[in-house]
Structures are given as structure tokens and as C-alpha cells.
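Here are some notes for a first look at this entry.

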Amino acid sequence: MAVLAQLKETVDYIHSLYTATPTVGIVLGSGLGNFTSGMTVEQEIPYEDIPHFPHSTVEGHSGKLIFGQMNGKTVVAMAGRFHFYEGYTPQQVIYPIRVMKMLGVETVLVSNAAGGTGDNFKVGDLMIIRDHISFFAINPLIGKNEAELGPRFPDMSEPYSKELIAKAKTIAERLEIPVHTGVYLGVTGPTFETRSEYLLIKTLGGDAVGMSTVQEVIVAAHMGMKVFAMSVITDIGIREEENTITHDEVLEAARSAEPKLTAIFTELVGAI
Ligand code: HPA
């Protein structure tokens with residue numbers, strides 16, 4: 001079935017359960033899911049109930065869409081996102097972003113856990129993403145272009161809204177939360193990088209590296225949505241030192257930095 005027809009069926013199903021129009025969409029990264037505790041939840045829809053949504057191959061719940069009110073806005077949040085390294089196609093990874101657009105979302109806030117390669121970055125720091133490098137993530141727009149969704153050759157001069165970056169910086173300053181601003185380099189994972197790759201990423205201009213976000217942001221830009229994205233730096237790569245990186249360490253660092261990220265996102269939703 002063509003993607004536009006699929007999207008219509010997905011949206012019709014969601015509208016049969018929830019009729020308000022969300023204007024802000026939120027995608028939460030690993031260990032960063034607490035954000036939704038600040039929402040007045042009006043409807044939750046498990047991914048497995050939603051027509052054409054990707055289905056988790058793993059036992060149990062694959063996640064849900066949460067609809068509700070936050071800081072005066074109707075929002076939809078994804079509790080659980082899809083990663084390319086899990087075996088989803090790039091088109092499956094970004095399907096929920098297209099659904100958000102079809103539901104009326106104009107602005108997407110994205111978070112992720114990332115390795116830090118920038119100067120003076122420490123575990124637990126926050127980085128506002130001002131741009132990305134996507135050479136290693138498969139472009140989700142490869143294939144037939146749907147002109148109704150966006151152009152064949154989308155402009156990528158400002159995938160991350162300068163206006164939202166400025167607002168977030170003002171909010172962070174007011175809350176006395178230090179933030180870096182930098183470039184996120186997208187990789188496929190699931191391996192963390194080798195010592196040489198972390199050095200290469202730094203040389204290429206990446207300040208943070210991660211396994212999500214880039215494909216979602218490309219599709220949001222394709223459809224003309226405004227994006228704000230922020231990384232929690234969960235490790236500093238493995239460079240000269242004899243260190244290692246584990247997923248548990250990444251999750252733990254994300255969880256402990258989560259309140260800072262949530263505070264900024266919550267305020268930003270109100271300021272959009
Ligand atoms: N590399 C890639 N993805 C990541 C990392 C990393 O060091 N940390 C968290 N996600």
C-alpha cells in the first residue's frame with residue numbers, strides 16, 4: 001500500500017480514539033522517558049494497536065503514543081522510538097514522525113543519548129543540536145518521493161530551528177542549567193565507536209555521536225516541521241584512555257541527567 005494511504009488509515013484510527021489536534025510532538029531518547037510525567041495524559045495508544053505502525057520483534061510492549069496537555073499545548077509523545085539498528089527500515093524508523101505531521105504537529109522536540117567528542121564535554125552534560133552530519137545513517141527519503149509530503153530534494157540549511165535554539169538557551173540560562181551547542185553525527189550502531197572512529201568523528205566536526213535522531217529530523221525537515229533537539233552526553237567515547245563503554249553506563253548517565261533535560265523541554269513547550 002502506498003505510504004499516503006497507510007498514513008490516512010493510521011490517522012483515521014488515532015482520530016477514532018482521540019480527536020484533539022496536537023501541535024507539538026516529542027520523541028524521547030534512551031533513559032529520558034520521564035518527561036511524560038509532567039503531562040496531563042488524555043489518551044495512550046499502544047503501538048501494536050496502531051495500523052501500519054512498526055511492530056517490535058521483541059516480546060512485550062513496543063511502546064505507545066501518549067496524548068495530552070503540557071504547559072498550555074496539546075502534545076503527542078512517543079514513549080519508545082524505533083532505531084535502524086533494531087532492524088527496522090529507515091521508512092519504519094520515521095513513520096511516526098510522518099504520522100505526527102498528519103495529526104497536525106508543527107514542532108518536534110527530540111532527545112537522545114549520545115557520546116561526547118566535543119572539547120570540555122563531560123558525562124551528564126547537555127548539548128543543544130545546532131546541526132547534524134548524516135553521512136553514516138541511511139537517508140529515509142531514498143525511494144519514490146511523495147510530493148504531498150515534501151520536495152524531492154529538501155533544503156537542509158536549517159533543520160534545527162534557530163528560533164527554538166535561542167529560546168532554549170534563554171530558558172537554560174534562567175534555570176541555571178549549563179548547555180553546550182554543537183553538531184550531532186549520526187551513525188547506525190549498534191556498536192559503539194572504535195577509538196579511531198571517535199577521533200575521526202571529532203575531526204569531521206561532530207561534537208556528539210549517536211544512533212538515532214538524524215533520520216527523524218530529515219523527515220521532519222522534508223515535511224516543513226520545526227525541530228528542536230538535545231543530546232544528553234552519556235559517555236566521552238574511548239579515546240586515548242583504556243576505558244570501555246557499556247549500555248548500562250549510557251542508560252545510567254541519561255537517567256541522572258534527565259531532570260535537567262525535562263526542565264528545559266517543559267519550559268520550551270510553553271514557549272513555542
Ligand atoms: N556512540 C554512539 N551512540 C551512542 C553513544 C556513543 O558513544 N553513547 C550513547 N549513544
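1. How far is a nitrogen atom of the ligand from an N or O atom in the side chain of Glu-193? In this predicted model, the separation is 2.5 Å. A nitrogen atom of the ligand also lies 3.2 Å from a polar backbone atom of Gly-115. On the oxygen side, a ligand oxygen atom is 2.6 Å from an N or O atom in the side chain of Tyr-198.

2. On its own the ligand has 260 Å² of accessible area, and the protein covers 96% of that. The largest share, three residues, belongs to β5.

3. The residues around the ligand include Ala-113, Ala-114, Gly-115, Phe-192, Val-209, Met-211, Thr-234, Asp-235 and Val-250. Sorted by class, the shell holds seven nonpolar, three polar and two charged residues.

4. The crossing of α1 and α2 is right-handed.

5. Which residues make this contact? From α1 they are Val-3, Leu-4, Gln-6, Leu-7, Thr-10, Val-11, Ile-14 and His-15, and from α2 they are Tyr-95, Arg-98, Val-99, Met-102 and Leu-103. By class, the contact of α1 with α2 has nine nonpolar residues, three polar and one charged.

Definitions and conventions
Residues numbered from 1 in each chain as written. Predicted model: local features only at pLDDT ≥ 70, side-chain atom pairs only at ≥ 80, totals over all residues. Heavy atoms only, no water. Near = heavy atom within 4 Å. Polar contact = N/O pair within 3.5 Å; in protein donor to acceptor, adjacent residues only side chain to side chain. Areas by Shrake-Rupley, 256 points an atom, 1.4 Å probe, with all protein chains shown as cover. Helix = DSSP H or I, 4+ residues; strand = E, 2+ residues; numbered from the N terminus. Nonpolar A, V, L, I, M, F, W, Y, C, P; charged D, E, K, R; others polar. Left-handed = near helix turned anticlockwise from the far one by under 90°. Contact = heavy atoms within 4.5 Å.
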